[in-house]
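Open your viewer and keep the selection tool ready. This tour moves from stop to stop and says what to select next.

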Amino acid sequence: MVNRRDFFKLAAAGIAVSAVNKVAMAALPEIVSAEAATTQSPLHPNSGRPYNPVVTLNGWSLPWRMQAGVKEFHLVAEPVLREIAPGMTAHLWGYNGQSPGPTIEVVEGDRVRIFVTNRLPEVTSVHWHGQRLPNGMDGVSGLTQPAIQPGKTFVYEFEAKRAGTFMYHPHADEMTQLAMGLMGSWITHPKNPKFMAVDRDFIFLLNAYDIDPGSYTPRVNTMLDFNLWTWNSRAFPGIDPLVVRKNDRVRIRAGNLTMTNHPLHLHGHEFQVTGTDGGWVPPAARWPEVTTDIAVGQMRAIEFVATDLGDWAFHCHKSHHTMNAMGHGVPTLLGVKQDDLVAKISNLVPDYMAMGETGMADMSEMSRAMDMPLPVNTLPMMMGVGQYGAIDMGGMFSTLKVRDGLAKNDYRDPGPYRHPKGTLAYEFNGEPPSAVRPPAQAETPSVELQVRKPGGHSGH
Ligand SMILES: [Cu+2]
C-alpha cells in the first residue's frame, strides 16, 4: 500500500505508518494514522482508476493497498487527541489518530474491502451512510451484524456502486460515539474523471461538541445545547481557509452529523447545489443560491466559479454557531448602565467586570487586550484577528481565499487579501449634511384599522 517514497511523503506530512507486528497483522493492511489537524495535499491515486482527489479541510485521505483488484483500507476506531483550535485540545474518539477519521476515496465500480479494528473501550460498528450495498454490510449493530467487540477486527466488503458524497459513522451507542467525534467522509468518484470535473474539490463534516470550559472531554448526553460548533472538529480560527485560484471551478462538499441544521452561507459568489444525498442534481433542476441549509444526516455539494478576488467569509448563518464556548447563557445587558452597580457588586465579587453594555464585541476585545483569564483549555467566545482588527467570530467560520496566479496544487494560506486602491470601505471625515425632511402633507387623515380579532378571550 505505502511504498518507500510515499512513506517519506506521508512522514513529512505528519502521518505515521505504525510498525505493527508484521506476522500477526500479515493479512491486514498497515495502519496509517495522522497526528496533526493540518490540511493535507490531495492524495493522487497511484493504483486503480484515475480520479481527481478531494481536499479534506483540516484532514487527510486514507491510503489503500490493492489486493487482487480489491481496494483495501484499514480503519482503527480509537481514543484520539484533537486540537479544536490553537489553545484547546479535546479528548475525542476518532479513526486512525484523528477525529474525524480520514476521508476514504474510491471510484464508482471499485470493489472495496475495509478492515475495522476496535480499540475503543466499548463495542462499535461502521455504517456506510448513503451507500448501496448488501444489507449485511450496512453496519447496524444488532440488526445487520454483531457489534465489534473491543480488540476485534471486522471486515466490510462491497462495490462502490454510486458516485457521490457519503459519510461513515458508528451504528452502536451512537449518542455517545457521535458526541465523541467518531465519523469520517467518503467520496465515490465518477468512473469518468471528466464527468463534472472541478479544479478544487473540498470536503468537511459539520460536527458539534459540548465541552465544559476548563475540561477536555465532551459531555455525551447533551441533546441540543452544544457549545462548540465545528467543521471537521475544528473551530474558527482553527479552520483552514479554502484557497482557490481566480476562475477555478470549485466544489465544496459538507455532511451534517450534528443535532441541528446548518445554513451554509458564502460571501461574494452565487453557487448551485449540484449534489444531494441521492446523487447529482440534473443541471436543469439547479438554482442559484448564496445560502443552503444542510439538515441533520444530509450531505450537500455546492459548486461555483471563483470569479472575484478576495477573502470571502464562508460560514454557518446561525449566529450562535459562529461563537465558541462561554457567553451563550449570560443575560442581555444592552443599554444597562452598570457604572454604579460595579462598585456595589465588587464588594461581593472582587473580580467583577461590567460587560455587554454596548454589545458583546467588547468580550472579544477584552479577552485579547486585557488578557482576560479564561479557564484552561478554553477558547474565547469570539476570536480571530484580521488585517483590520478583531474578526469577532468562532465556531463554523472560515474564508474562501480567491487569488491570481496560484500553482495548480497550491493550497497554502496566501495571507490577507490586499485590496486595490478605491475598493475598500472607508471612514467619512467631512461634516455630515443636515438631513432635509420633506414637507409634511397637510390634511392627510390618518387611517386606523378597526379590526376585531376573533378569539375566545372575553373583554378584548
Ligand atoms: Cu450552524
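Two strands pair if DSSP finds at least two bridges between them. Strands themselves are DSSP runs of E with at least two residues, helices are runs of H or I with at least four residues, and both are numbered from the N terminus. Keep those rules in mind for the sheets below.

This is a predicted model: local features need pLDDT of at least 70, side-chain atom pairs count only at pLDDT 80 or more, and totals for chains, interfaces and linings use all residues. Residue numbers start from 1 along each chain as its sequence is written.

**Whole chain**

Show the chain as a cartoon. It holds four helices and 26 strands. Now colour by burial: a residue is buried if 20 or more other C-beta atoms lie within 10 Å of its own, exposed if 12 or fewer, and partly exposed in between, with C-beta atoms placed from the backbone. Of the 460 residues, 38% are buried. Two residues are in contact if their C-beta atoms, placed from the backbone, lie within 7 Å. Among contacts with a separation of 6 or more, 72% join residues 24 or more positions apart.

**First sheet**

Select strand 11 (residues 164-169) and strand 12 (residues 184-189). Five bridges join them, and they run antiparallel. Zoom in on Tyr-168: Gly-184 in strand 12 stands opposite.

Focus on strand 17 (residues 262-266), which runs antiparallel to strand 21 and is joined to it by four bridges. Pick His-265 there: its bridge partner in strand 21 is Thr-291.

**The core**

A nonpolar core is a set of buried Ala, Val, Leu, Ile, Met, Phe, Trp, Tyr and Cys residues joined through C-beta atoms within 7 Å. The largest one has 88 residues. Select Leu-75, Ala-77, Met-167, Phe-202, Leu-228 and Ala-235, which touch the most other members. What does Phe-202 touch, leaving out residues up to four places away in sequence? Its contacts are Val-54, Val-55, Leu-57, Leu-242, Ile-252 and Arg-253.

Most residues other than glycine have a negative phi, and most peptide bonds are trans.

- Pro-100 lies in the loop between strand 6 (88-95) and strand 7 (104-107).
- Look for Pro-237 in the loop between strand 14 (228-231) and strand 15 (242-245).
- Asn-58 counts as buried, because 23 C-beta neighbours lie inside 10 Å.
- Ala-68 counts as exposed, because 6 C-beta neighbours lie inside 10 Å.
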